[in-house]
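Student: I have a new structure to read. Can we work through it in short steps?

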Amino acid sequence: MKSSWTDTFKTIGLLTAATLFSMGLRALAIGEQNVIMVYILSVFIISRTTNGYIYGSVGSALSVLLFNFFFTTPYYTFHVIQADYPVTLLIMLLVASLTSALTIRAGSQAQLALEREHRTELLYEISKQLLVTRGLDKIIHLINHYMIKLFERSAIFYAQDPGTCQGVLRQFPAEADASFMLAEDERAVAQWVFLHKAQAGLGSDTPMDSQGFYVPVIAQGKVLGVIGLSCAQGELNTAGRSLLQVITSQVALALERQHLSDEQRRLFVESEKEKMRSNLLRAISHDLRTPLTAILGASSALLENRQTLDEPTQQQLLANIKEDSQWLIRMVENLLSVTRIREGTMNVAKTAEAAEEIVAAAVSRIRKRFPQQRIKVEVPEELLLVPMDGTLIEQVLINLIENAIKHSPENAAIEVNVKKLELEKEALFEVIDYGTGIPEQNFPYLFESYVPNGKRSADSARGMGIGLSICMSIVKAHHGKMEAANKKAGGATFRFTLPLEGTDLEQ
């Protein structure tokens, strides 16, 4: 309505200006043919600056009447005396009308060309964006964004059968509530499109009592999804439906590329899992053979030569059997723990534990196995409560201390430190040794359960570095961080941090 009034005032104003200007020409005794040109020019300007044919047509008729009223004798009447004036007026009307029609058509063609250029640019932009976009959610978001931009309608995207999945709806801001597209009736139309591989909805050959328009996204005869547009403001015209078909073909290519990428990634992950499983079984078999062979040899020696072996030798053989048995038990416990954590079957129940008590329990267990080992412990003076599963963190400390002992000279001290990091709101645990340190080539595989090409991680005294792997898994399950570094003076430092906040504690 506002645009109509604006165009009306433009028409009246331009004709008034043309009349006043023509009166000025008459006062200067300039011929009537120039007055006619002024009116034709005004009709051209009216047709160029207004919308629709009506203003140009009305302007043409009014310009002839104004010329007749003001500039033909007798003045200020619609009568004509000269015989050639009716022909002049008729020609003037035809010229003005043709000028108006041609101007409006040229403007319409120019506007249509601009719209086509804009759509072509958007189609190119869509194609370019789809080539670099990875991930189904990102593709859906991108398509809905451009649907709104191109059609100025709310859009919905089904990435699977609408009967089994919820569509992703994006509301066009200038449109009323488009939540009706999530209703069961509209969803049924989208499912029909998915199953029958044909478009449906308002304005199609199968309207199905719908307020939307839906098209399938097909690649190599398989429906990959459904795109829907709201028709609350009117049905989609033929040009719009054709444009939508072009877009769906691009979307089909993007979805097919994404599906192939997902399938390739899935196959790669399965292959890597199978390879890792085989390597792990091979490594476990190798590591189990060594202590079992030692146990078998020691037990056989005791059974077969018990009468001839002296007491210290028998005690040493029994101690070896006990040590190898303990190692086997710890390795099995570690394997079970890391498997449960990685598969998500183990719940890490965090409670507020005193850090010094957990450290004391771990050191106490180590001293039972290594009574001659010197271990220095440093903890904060104030009570430090850390959200953790105490049993699991104790196991981490035992693994790290045992690893430090294995790689340190005899009688070398092992340091265990606990600090509170105020700035990061974390608790820091450190295990420091003064041994040989970590070879540089081992750092990339330090916390891996299996390393390639026969390389060994730092805790693999018997062959397989499962200890540090379980440590990393437990720390990550606590949302903590773990790292290792060599010391300049010799030896290595293993440290891990646990958050003091941001976790739910059991009360």
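**Reading the fold**

Tutor: The protein has 507 residues, and 42% of them count as buried. Keep in mind that this is a predicted model.

Student: How many helices and strands does the protein have?

Tutor: Look at the elements before the details. The count for the protein is 11 helices and 12 strands.

Student: Is I398 buried or exposed?

Tutor: I398 sits in helix α10, which spans residues 390-406. Beyond its close sequence neighbours, I398 is in contact with A362, R365 and I366. Buried means under 20% relative accessible area. I398 has 8%, so I398 is buried.

Student: How far apart in space are I398 and C471?

Tutor: In sequence they are 73 residues apart. From C-alpha to C-alpha, the distance between I398 and C471 is 9.7 Å.

Student: Which residue forms a salt bridge with E394?

Tutor: The structure holds eight salt bridges. In this one, the closest N and O atoms are 3.5 Å apart. E394 lies in helix α10 and its partner in helix α9, 29 residues apart. That partner is R365.

Student: Are E394 and R365 buried or exposed, or in between?

Tutor: Take each side of the pair on its own. E394 has 15% relative accessibility, so E394 is buried. R365 has 46%, so R365 is partly exposed.

Student: How many of the residues of strand β12 are buried?

Tutor: Strand β12 covers residues 492-499. The strand is mostly covered. The buried count is seven of its eight residues.

Student: Which strands pair with β12 in the antiparallel sense?

Tutor: Strand β10, residues 426-432, pairs with β12 over seven bridges.

Student: Which residue of β12 is the bridge partner of E483?

Tutor: E430 stands opposite a residue in β12 too, and that residue is R495. For E483, the bridge partner in β12 is R495.

Student: What links E430, E483 and R495?

Tutor: The side chains of E430 and R495 meet with N and O 3.2 Å apart. E430 lies in β10 and R495 in β12, so the pair ties together parts that are 65 residues apart in sequence. E430 is buried at 9%, whereas R495 is partly exposed at 22%. The three residues are linked in a network of salt bridges.

Student: Which strands stand at the edges of the open five-stranded sheet?

Tutor: The sheet has the order β2-β1-β5-β4-β3, with antiparallel pairing. Three bridges join β1 to β2, and I156 stands opposite L169 in β2. An edge strand has a single partner, so one side is left without a neighbour in the sheet. The edge strands are β2 and β3.

Student: What is the phi of Q220?

Tutor: Q220 lies in the loop between β4 and β5. At 76% relative accessibility, Q220 is exposed. Q220 is not a glycine, yet its phi is positive, at about 55°.

Student: Where does E152 lie?

Tutor: E152 also has a positive phi, near 55°, and is a residue other than glycine. At 48% relative accessibility, E152 counts as partly exposed. Its place is the loop between α5 and β1.

Student: What is the area of the nonpolar surface patch that includes I54?

Tutor: I54 is in helix α3, residues 53-71. I54 has 55% relative accessibility, so I54 is exposed. The patch is made by I54, V58, L62, L65 and F78. Its area is about 450 Å².

Note on methods:
Residues numbered from 1 in each chain as written. Predicted model: local features only at pLDDT ≥ 70, side-chain atom pairs only at ≥ 80, totals over all residues. Heavy atoms only, no water. Patch = residues over 30% accessible without salt bridge, like charges linked within 9 Å, V, L, I, M, F, W, Y side chains within 5 Å. Areas by Shrake-Rupley, 256 points an atom, 1.4 Å probe, with all protein chains shown as cover. Salt bridge = Lys/Arg side-chain N within 4 Å of Asp/Glu carboxyl O. Helix = DSSP H or I, 4+ residues; strand = E, 2+ residues; numbered from the N terminus. Buried < 20%, exposed > 50% of the residue type's maximum accessible area, 1.4 Å probe, protein only. Contact = heavy atoms within 4.5 Å. Pairing = 2+ DSSP bridges. Lists of a residue's contacts leave out its neighbours within four places in sequence.
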